[in-house]
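Take a look at the chain below.

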Amino acid sequence: MTEISYGDLTFYDTHPGVIAAMGALVGLQPPPVETSRVLELGCGTGFNLLAIALSLPQARVTGVDISEAHVQRAREAARAAGVTNAEFQCLSIDDFPAAENSFDYVIAHGVYSWVPEATRDAILAIAARSIAPNGLAYISYNINPGWRLRILVRDTLRYFEGASIPDARARVNALAAALPNPDSAYSRALRSELANLDGAPDYYIAHEHLVPFLTPVFFEEFVNHAAAHGLQFAVESRLDSNLFARPDATQTHIEEAAGGGYIRREQYLDLLLGRYFRRSILCRDGLPINRDIDPLSLLDRNFTLTVTPTASTPESLQVRSAWGDNLTVTDPVDIELLHQWTSAGPIPVSAQWLAGIVRKELDLDGAGEAADPLVASVLWNGAREGLWSIRDHIPPVVNVVSSHPIANPLARLQAPDAAECTNCLHRRIILTPAQQHIVPLLDGSRTAAAIAGEMQCEPAEAEKVIIQLAGLGFLIA
Ligand SMILES: C[S@@+](CC[C@H](N)C(=O)[O-])C[C@H]1O[C@@H](n2cnc3c(N)ncnc32)[C@H](O)[C@@H]1O
């Protein structure tokens, strides 16, 4: 089953620009992203790393995967996309020769929980040995208590091992439909977990559930494992997953209920939320970490918009986040910010640009520095809610359409086979059929009129779609 390829996926939270921004938020001084050395363990077909390499042309990225087919696909894609700063090694993580201080960022996404104990240990040993003194490691992993429930799906799917994946799914669904005690805790849990698989591709089932090893851990166990290698937990890569960014009432409840130190309280949050998955950023032991965020510190940072408006009423704006959540925004200042930001395009903006809008909306133009705390709190709260994220590095992306537009080369490779493509900011965006059709043609050799000719549509129609793609962050200079 595991020979089924995992798909050509990219993951926003693994981008060194995102990892570094989160590290800096908690007081670390991560290595410069632009010239960084990046290692991805278990890199699959390499698309995540290739997107990183394209967005950081002066960086040097290395991917390691045990699957020959994955590495071959990664190398072919690198050639096709003209990526020259990436190399891929077909090797087991267990055998990777980690040299001291050889990488600034180490990524292992979707690997730690799906490999034997020795390989889990090797992931942390490699991260600990190879990161620079201020380097950061991003490791994602399945956690309990959420997986105590999800394991029901794995158990039932594995019962039908030997059947094809569509067949195993059909049999498990038939079992769920025939549960004799439909209201029992077991039946409700199984049905609710199975519902998560609706629409999931076969490769997801193969790699998420039908792998030979699947070892969810409690957060505290993971932290102890990292500590045994001289690494400490710094921060979760998604701001709103961190206890320090949760609503104040949750923080107060946990402080009273859990006591103890920060790790103990983060563990309590997993119990409270029944979480399944973490994306943790680790750094060397001993580096000082400050999770008591002063919103004023955000006024020197850059931000990127992480939502796309989907509908609006006079009082609210519906948006879809980069992580697939549908959110309703009701605060008028946030709504105005999102409107202006969406029209300005996808390039990350400075806090000062955003502050200008906030000051105008709140009638604070004459208030000078006295208004800074209020402005900073608007930026901090929006970031906590997932409307935008801190992103210091500005990737090569343009929001103006040139005479011969160019789409990011990775998206040009993805678009013929998939509607979901990766933009220049490492976000996965679902394209319309017209956008999907045009992306591969945007290689800098065609004008909008020539593209219209090939698509047999009016030039104005082709231009409209190209402008949309610019707004979605797909165009480079
Ligand atoms: C679930 S996939 C995740 C791939 C990619 N990181 C992603 O999230 O899309 C796990 C990957 O780890 C690779 N892998 C498993 N065991 C490995 C090992 N011992 N050494 C190197 N790669 C390994 C598999 O070939 C596969 O590409």
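Start with the contacts, meaning heavy atoms within 4.5 Å. Of those in the chain with a separation of 6 or more, 74% are between residues 24 or more positions apart. The model is predicted: local features need pLDDT of at least 70, side-chain atom pairs count only at pLDDT 80 or more, and totals for chains, interfaces and linings use all residues. Residues are numbered from 1 along each chain as its sequence is written, and side-chain values use heavy atoms, with hydrogens and water left out.

Now the overall build. The chain has 18 helices and 17 strands (DSSP runs numbered from the N terminus: H or I of at least four residues for helices, E of at least two for strands). Its radius of gyration is 23 Å, close to the 23 Å that the globule rule gives for 477 residues, so the chain is as compact as a globular protein of that length. That radius is taken over C-alpha atoms, and the rule is 2.2 Å times the number of residues to the power 0.38. Along its principal axes, the C-alpha trace spans about 60 × 55 × 55 Å.

Next, one sheet. Strands of a sheet pair through backbone hydrogen bonds, either parallel or antiparallel. Here three strands form an open sheet in the order 12-8-13, with antiparallel pairing (a pair needs at least two DSSP bridges). Strand 12 (349-350) and strand 13 (388-390) stand at the edges with a single partner strand each, so one side of each has no neighbour in the sheet. Strand 8 (residues 302-305) is joined to strand 13 by three bridges. Leu 305 stands opposite Trp 388 in strand 13.
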